[in-house]
Amino acid sequence: EKMGFQMVTAAVDWMAENAKSLGQDLLEIHFFGGEPFFAGEVVDVAVHRARAVADRLGLVPRFEVATNGVFDENRARFVGNYFDTVVLSFDGFQEIHDHHRPGHKGRGSFEVVKKTAQLLSRSPTELCLRVCVSQKSVTQLEQIVQWFCENFRPSMINVETLQPTPKSDAAGLQPPDPYDFAVHYVRASRIAENFGITLVYASAV
C-alpha cells in the first residue's frame with residue numbers, strides 16, 4: 001500500500017514543526033523500505049512539501065534515500081539534484097549483480113543500476129554504494145571495489161555479507177566464508193583508501 005498524500009503532508013508538517021520547537025536547524029527526511037521509488041509520487045510530494053515548509057520555518061531540508069536504483073534517467077536526475085545522500089544497492093559486475101538482484105521476470109537489473117550510478121556520480125548528491133557479498137562474489141571483492149572507485153567515485157562503500165533467506169537459498173547463494181571475507185575485505189579496504197574512499201563493514205559500525 002502507498003501512503004496517501006494527505007498523510008504525507010501532515011507527517012512532513014509535524015516533523016518540521018517539531019524540529020523548529022526543539023531549536024533544530026535541519027529538517028531531515030529519510031526514505032527507505034522496501035523500495036521508496038515504488039511509490040515515486042509519494043516521495044515527490046514529501047520532498048516538495050518539506051522544501052516549502054522548511055523555507056517558511058527557516059529550516060534547512062536534508063534528504064537521504066536507500067534505493068535499488070531501478071528507475072529511468074529522469075528519476076535519477078531528480079534524485080541526484082534533490083537528495084543530499086543516496087545509498088545505492090549495487091553488488092558489482094554484471095554476472096554477480098544480476099544473480100544477486102534479478103529484475104522483473106528474472107531479467108537482470110545491472111545495466112539500469114549502472115546507468116543510475118553513473119548519473120548520480122556526476123550529480124551534487126553524496127553517493128554511497130551498498131554491496132552485498134556472497135560466496136559467489138567474495139573472491140572478487142577487490143576488483144569490484146577498484147571498479148567502483150575508478151568509475152563512480154562514491155564517498156563511501158558499505159559492504160554487507162549476505163543474510164540467508166528462502167529466496168537466496170533457492171538461487172544457490174550463501175554467505176561468504178568468514179575467513180575469506182576478512183581477507184578480501186582488508187585487501188579491498190586498502191584499495192579504497194588509495195582513492196580516498198571509505199570502505200566500511202556494516203556489522204562493525
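Analyst: A residue is called buried when its relative accessible area is under 20%, and exposed when that area is over 50%. The model is a predicted one, and the part examined here is strand 4, which spans residues 126-133.

Strand 4 is mostly covered, since six of its eight residues are buried. It has strand partners on record in the pairing pattern: strand 3, residues 85-89, pairs with strand 4 in the parallel sense over five bridges. Within that pairing, Leu127 of strand 4 is the bridge partner of Val86. Strand 5, residues 156-161, also runs parallel to strand 4, and six bridges join the two. Here Cys128 has Met156 of strand 5 as its bridge partner.

A disulfide is a covalent bond between the sulfur atoms of two cysteines. With a cut-off of 2.5 Å between cysteine sulfur atoms, the model contains zero disulfides. Cys132 is in no disulfide, and the nearest cysteine sulfur, that of Cys128, lies 17 Å away. Cys132 counts as buried because its relative accessibility is 18%. For Cys149, the closest cysteine sulfur is again in Cys128, at 12 Å, which is too far for a bond. Cys149 also counts as buried, because its relative accessibility is 0%.

Setting aside neighbours within four places in sequence, Phe90 is in contact with several residues, among them Leu129, Arg130 and Val131. Its other contacts include His97, Phe110, Trp147, Phe148 and Phe152. Phe90 is also one of the residues that touch the most other members of the largest nonpolar core, which has 55 residues. Phe31, Val79, Phe83, Val145, Phe148 and Ile157 belong to that group as well. The largest share of this core, eight residues, comes from helix 2.

Helix 2 therefore deserves a brief description, given its share of eight core residues, where a nonpolar core is a set of buried residues joined through side-chain atoms within 4.5 Å. Helix 2, residues 40-57, has 18 residues and reaches 26 Å from its first C-alpha to its last, close to the 26 Å expected. Its buried residues include Val43, Ala46, Val47, Ala50 and Leu57. The buried residues of helix 2 pack against helix 1, strand 1, strand 2 and helix 3. Just after the helix, Gly58 takes a positive phi of about 75°.

Notes. Residues numbered from 1 in each chain as written. Predicted model: local features only at pLDDT ≥ 70, side-chain atom pairs only at ≥ 80, totals over all residues. Heavy atoms only, no water. Buried < 20%, exposed > 50% of the residue type's maximum accessible area, 1.4 Å probe, protein only. Helix = DSSP H or I, 4+ residues; strand = E, 2+ residues; numbered from the N terminus. Pairing = 2+ DSSP bridges. Expected span 1.5 Å × (residues − 1). Contact = heavy atoms within 4.5 Å.
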